[in-house]
Amino acid sequence: MQTNDMEVFTSTTTRRRGTKDDLTSKATTVLLNMIPQSSNGSIIITSRSRDVAFRLTGGYGDIIQVNPMDQKEAVTLLENQLKANFKKNPSAHRDAVSLVEALDYMPLAISVRGLHVPP
C-alpha cells in the first residue's frame, strides 16, 4: 500500500451494514485499526512522506528510505523488468525515459509499472 497522506489511515468512513434487521445502521471504520498487529510477519507500507511513515511506525527505526535512481539506472531497471533493450530502438528509449521520469525515478514505482506494460 502506498500513501502520502495520513488521512487515508485515520479518517472515518461511514458505510451501511446492509443487514436484514437494520438496513440503515452505520459502522465507522478507520483503516489504521484494520492493519493486523503480529510478531509473525511484516506489513510494508510505502510513502514519500517521512512524517506519515513516522506516524504509522511510531519511530524512525523501522523506516527504510529509498532514494530515486538516476536516469540510467531507472531505464535499466525498466529494461530488465520488461526483458527489453531500448538501446536498439531510439523511440522506445525516449518513451522509457519519459516513463521513468514520470515515476520520479523511484524503483518500486518503476517495477510495479513495468509489470503492466504490454510486451
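Predicted model: local features only at pLDDT ≥ 70, side-chain atom pairs only at ≥ 80, totals over all residues.
Me: What span should helix α5 have, and how far apart are its end C-alpha atoms?

Reply: Take 1.5 Å a residue: the 13 residues of α5, 90-102, should then span 18 Å. The end C-alpha atoms are 18 Å apart, which agrees with that expectation.

Me: Which residue caps the N-terminal end of α5?

Reply: N89 does, with a side-chain oxygen 3.1 Å from the backbone nitrogen of S91. Just after the helix, D104 takes a positive phi of about 60°.

Me: How many salt bridges does the structure hold?

Reply: Start with the general idea. Side chains of opposite charge can pair when their charged atoms come close. This structure holds three salt bridges. One of them joins the side chains of R48 and D104, at 2.5 Å from N to O.

Me: Which parts does the pair of R48 and D104 tie together?

Reply: R48 is in the loop between α2 (31-34) and α3 (50-57), while D104 is in the loop between α5 and α6, so the pair ties together parts 56 residues apart in sequence. R48 is partly exposed, at 48% relative accessible area, and D104 is also partly exposed, at 38%.

Me: Where do D51 and R55 lie?

Reply: Both are in helix α3, four residues apart, which is about one turn of the helix. D51 forms a salt bridge with R55, and their closest N and O atoms are 2.9 Å apart. D51 has a relative accessible area of 43% and is partly exposed. R55 counts as partly exposed too, at 45%.

Me: Is E79 buried or exposed?

Reply: Buried means under 20% relative accessible area. E79 has 5%, so E79 is buried. The side chain of E79 meets that of K87 in a salt bridge, 3.4 Å from N to O.

Me: And K87, buried or exposed?

Reply: The cut-off for exposed is over 50%. K87 has 65% relative accessibility, so K87 counts as exposed.

Methods: Residues numbered from 1 in each chain as written. Heavy atoms only, no water. Helix = DSSP H or I, 4+ residues; strand = E, 2+ residues; numbered from the N terminus. Expected span 1.5 Å × (residues − 1). Polar contact = N/O pair within 3.5 Å; in protein donor to acceptor, adjacent residues only side chain to side chain. Salt bridge = Lys/Arg side-chain N within 4 Å of Asp/Glu carboxyl O. Buried < 20%, exposed > 50% of the residue type's maximum accessible area, 1.4 Å probe, protein only.
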